[in-house]
Amino acid sequence: MEYGKNKREKLMKSIIKKEFVFILFALALFSGCKKLYDLPEEKDYLSNNVNFDNKVLEPIIGRNNLIGGFNGDNSTQPITFEIINARFGDGKPVTDIFQKVPTYVWTAPYTGFETSLAEIEAKRKIEEHQLFEMRSSGQFILWASSTNQLIKPRPIDSTNFSQDTRFFDVKVKNTGGERLIKDFQIRPWRERPYEPADDVNLYTGGPAPDPNNPLDKRFKNYIRPYMGNVIGVASNIDLNDKGKNQKENNLVVYIRPFSGGNGHTLRIKALNKDSVEINPAFFNETVWDKMIHGFNMQKTDKYVQYDVAYPIPLVEVPTFYAKGGSRAKAELSYSRGAFGGGRTVANFGVDFAIYKAGDWEIVFHFRKENPKFASE
Amino acid sequence: MRRNILFYALLIVCIICGTSAYSQDKFIIVNGTVVDKESKQGVPGVSVILEQTNKGLTQTNGKGQFSVNVPIGGTLLFKFLGFTTQRVKITGATNINVTISEDRTALDEVIIVAYQKRSKETTTGSSVLIQAKDVQDIPVSNVEQLLQGKVPGLNIQNNTGAPGFRGSVQVRGLSSLSISGSGNESFLQPTSPLYIIDGVPLDADKAAEFGFQTQGPGVSPLSLIPQEDIENIQILKDAQATSMYGSRGAYGVIIITTKRGNSKIPRIRYVTNAFVNAPPKLRETLGGNSERQLKIQQIILNAQNVNDIRAISNTPFLADSLNAYWNNSTDWQSVFYQTTYNQSHNLALDGGDPKFNYKANVGYYTEKGVIKNTGYDRYNLNMNMEFKPNEKFRFFGFINGSVGKQNKGNGVGLLQSGVAANGQASTLLPPPSFYQASGGVLSALQTLNDNNSRNLRTNVEARYEVIPGLAVSSTVSYDYTSDTESTFTPAAANGQFAKVYDYVGRNYQLYNRNGITYAKTFGEKHNLFINTFNEIYKQGAQAGITRQERTPNDQLQGPVGYDAYNSRGGGVLGNYRNATIASFAGSLSYDYDKKYVAEFSYRLDGTSSSGLENPYSKNPSVGLRWNFNKENWLVDMKWLSYGSLRLTWGQNIVPTGNLQSIYGIYNLNGNFNNNPTIGINYDLVPNPNLKPTTTSQYNLGFDLGLFNERISLNFDTYYKKVDNLLFDRFLSNSTGFNKLASNDLGIANYGTELMITVRPVVSKDLDISFSVNGAINRDVLLKLPAEYNGQYIRFDTSPYLQHNVYRVGRNTLSNYLRINQGVYKNDTDVPTDPVTGRRYQANGQFFLGGDPIMKDVNGDYILDGRDYEVTGNSQPLVTGGLSTNIRYKNWGLNLYATYTADRTILNNALADRIGIMRDPFSLTSVVPLNDLDIWRAPGDVAKYPYPYDYKRFDQIQPLRADQTLWQESGTYLKLSNVTLSYMFDKKFIKRFGLNQLRIYASTNNLITFSKYSGPNPENVTTLGRDISTGYPVPRTYNIGLNLELNTGN
């Protein structure tokens, strides 16, 4: 009897111990277990208001176009963007903009202090990319490797018919959900390999009409340089007196390819009214070696030529060669004896950009009257 | 000592002789003394009861002596409230000494639940009792400070050193998400527990309705309670314990009981403290020529062109170093900060017995702030009396009068922006003197600021037991506070025009409670207790300000009012209140042999500030308790002193809206047909369906006492859901209204609290006890209005741009900041956009070596407003405390430490400090940055960016406040209080007419151990921002004296 009681007690004790352990364990579990309380899981936030500032994209073929405008309304990054359902307005599928082509991407910042072409080339490399793509920021990219041949630009008759317009939708997604933003349009401008492109019709690529006689096909528009104190030989007055060069197109600029270069040259020359090269030596105040970020300058009596890396400017950042960042500068200047024994300085030039690699020349053409180099 | 030996010898003799003398029924006269174990003094008023007859024989006299006629073999019981009952068997000895000690039995504790004293054993809620001695030896303006770290789950952050102000108090995590203000002054609406002082509720948040921009004195009602007058403090944490307090108990309840008279002969006790408040280590500053050299060097090294260098010559304080005006080395901080010497005195008179007792307490406390021209004085006169002629009738009344005088200088109390700005002045400037001083200095030091908070709190309470077990009681109390503030700014401090500001406010609360209680025991083991009562509050508050911008001269300080053009203010401030709350509450408590306990309660609150559709809020609760140590199979286990399991659920409902959100705002909109028209304000659409905030809480508790309570353990785990929090929803503009006050916000807190107390040594000469407690609390945002889709960002409109984000499923108060990933070692480390070829940039400036690496979250290589991420948690995850109490003979040593872990602090003070370098041409001081890991030269791997590049500073903003660089862990362990005390031998002091004399030395905020780079990880706002305009928390050293006069003969 006594024995049995002890045994029972012992059994009880062990049960109790087990119970204690269990209770303690359960308590510890309780406190740590989030699931028990049926709490909501944290999700990425995807706003109901995600949108884009602009759904009609008008990139220019042949340049790196970065088009922003995504408004995530503080949605949680990373957000993935997917272009889907690309089609023309009449339902034809769009594939051309998704071709993969090699294109330059920057790996290090261009500063303008590079001392050789190799140093510049070391800062960029060639990668395969879709011609048109989106990156994680929601920005659209049309790479510079695009050409009029790869992507058909907008119609030359400046119409915007639905069947000529590429449409697509964008799927915006993070772990919090997804949103479909519909009916983006791409209306690419045809290639414009250089700027200013005043002499080119943006739709057709042909000559631009003369703003003075827009309907007269005999006239065309020119790129006009800025100029100061350039005195005409014949008239003996400033060739741009009261802005008359705007009307008379006496001094104009051609940015045009030439043949015979090594594929990455830039040549600067000036022509007189007989279309004969003026010896660069006449432009005695020109700082040839610091004008263009080019190397291996060759100065002949007809032109000055540099080996350069395209595009010019390479990157739209302010450098010594491109003060504002987006345009390089070709400026010729000269001085001559002035009235009273002093010297007077004249200059003319153009802020330009060239996007397509090749052998390009910038030609200043005095079409009607030559500048006066002689002293007074 | 000799007497003790005698005592033991006697005891042994008694025991030996006891058996033989048992049968004789002879009466003898026994004399003796009852001595308190701790104080070694006679305890007056101890009831001496003969156990056999259960008849009270006598009570001890003023010296604790007694003389009784008892039969040999009988047993005497020595009973005294709050002490353990001693039993002594009478064996023939005629002189016995009895030592009684304070009752520490956790389960026999008497706690107050729903205004009724109950045995803790039969209550189901989670509560903690703090004894007076834990909060007495450190002089503080607000006794709440000393509760820090003593109660698990009660998170107190003493985050301001401003005397008379309160820190933040939260019971079991966040209960509100309402933030007002912006930037550094973002202010989380406090959700302080309900304080009940001797049965009368008190609103501790009263002075906090204006956030940091305190209007009026800002004296917390708690700062008006003298700590010497406190008997004990009880903290109720779970909803079962608090639901009977209704809506106001939703954030926990803290019950403060003041001392009662308890001495046959009158006792006069005097406590005084003399304490020194020392400002913390201030910002190091380079003085005089070092400042000039550093600034010039900074300009030369970071100039971008020659004009920048030339600017030195045009800046007189840099160039003209020999000019006496610029040739100084002034320590501006010492102009504003000081070490102060303070004192407190408290005189208490009490007397009486359980039938009639009285107490009067006079207190004076003065504390000068460590910022000059600030301080807090308190004057108290508290009296109470209790009359209990018999068991049937009890009458209790008190009257407490207090005056709190506060001086805020030219700051607003919690913030001292003026001092912070002027303390940063260039050291090259001459110090303030009789002849000259800057307006800022004068403003800080000579603004006359007089704040008074005068409070009168009265209460009468009567209880009558109609038939045994059935009692009715009634309480009426009236609480009136008058607040005034008058500030006079002398002309020299305010652009040659004196300025006057006056605030007058008053508020009152009339409170009545009538209750019926019924206690009955059926069949010996079934105990029933019913408690019902109703409560009526009538509350009112009104305050107004007047401000006169330009008064004629410094001599005329008021009354003023001569010029309407320069008069500002007037009208009634937004804290106007006229409210009535009526409540009915009932609870039923049943226990079977104190083993199984079940409690049910229900409370109905009717307020005018709930929506028309929900005028009554209902607060139900259920609680179960199992005292398993009383089970038969455990009752023999000697090692188990007590053990119980508790499970409770309860709801507290708080009205959140105001009349405007329910009924709308109506304005006078001009005249139509010569009649004034009234139209609705289109900002807020009325919402009659507004629901009150509902806090429901589950609590599972576990109490265990082992080995004669040498080890006691207290465990609670809870889940608290706060639903229907007020949140503005912005409406579609087609509705015509701007926003709707809605209830679609919910948060949950869940956590665990643990408290372990170990008493390894309990003996006559040496007691050691060690206690550790801790609480883990996690808060999660449960829901937001549907249109927010799970996230709401509260954008900061201040230049700090430190946004708060509420995201469902995440901890509630997260920061929304830019992610700092280090510092660019070299220019080449800055990433380049592959498409554009541009470097990563901000505001058009490219990042370079030495600039911070800020995560480009969206990948567009531009740092802008889209590059923010959710990060951090401004609320602490773990809080708790440690305490050690050692008594060796007459010496006592108490150590209290508190800790807080896993919390994010934004070190804005450091950002501001390094940011001083942003403009070398400004007349501000410079700080040595040698102690910081700063990028100095290309290739440096550093934590902090290069701060000296002043030309690019505004674009890059390397030290912008809205980056995670300033996010630091706010984990700290603070050894706050150390008290060393000595109790003089009673015999010795008796010669000097003293009954008790105790001296002690104590400290407050002694050392904080933390990895935090700022001065004090605790001295941050409730949103975890260390602001340089805050009031530093001083370190206090104190010497105190505790004496009791011998008024007996």
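Predicted model: local features only at pLDDT ≥ 70, side-chain atom pairs only at ≥ 80, totals over all residues.
The surroundings of V253(B) can be followed residue by residue. Once its neighbours within four places in sequence are left aside, V253(B) is in contact with P193(B), L194(B), I196(B), L236(B), A241(B), T242(B) and Y245(B).

## An open sheet in chain B

Four strands of chain B form an open sheet, in which the order is 40-41-42-48 and the pairing is antiparallel. Strand 40 (791-794) and strand 48 (869-871) of chain B stand at the edges with a single partner strand each, and therefore one side of each is left without a neighbour in the sheet. From one strand to the next, the twist averages 35°.

In general, the strands of a sheet pair through backbone hydrogen bonds, and they may do so in a parallel or an antiparallel way. Here, strand 40 of chain B runs antiparallel to strand 41 (residues 803-807) of chain B, and four bridges join the two. Within this pair of strands, Q791(B) stands opposite R807(B), which lies in strand 41 of chain B.

## A buried helix

Helix 11 (residues 908-915) of chain B is largely enclosed by the rest of the structure, because eight of its eight residues are buried. The buried residues are N908(B), A909(B), L910(B), A911(B), D912(B), R913(B), I914(B) and G915(B). Strand 51 (904-906) of chain B is included in what covers the buried residues of this helix.

## Where chain B touches chain A

The contact between the chains takes 35 residues from chain B and 36 residues from chain A. On the side of chain B that touches chain A, the elements that give two or more residues are helix 9 (632-635), strand 36 (693-706), strand 37 (711-730), strand 38 (739-762), strand 39 (766-783) and strand 40 of chain B. Strand 38 of chain B gives the most to this side, with four residues.

Sorted by class, the side of chain B that touches chain A has 15 nonpolar, 13 polar and seven charged residues.

Technical notes. Residues numbered from 1 in each chain as written. Chains lettered and ligands numbered in written order. Pairing = 2+ DSSP bridges. Axes fitted to C-alpha atoms, helices over the stretch in contact; angles between N-to-C directions. Buried ≥ 20, exposed ≤ 12 C-beta atoms within 10 Å, placed from the backbone. Contact = placed C-beta atoms within 7 Å. Nonpolar A, V, L, I, M, F, W, Y, C, P; charged D, E, K, R; others polar.
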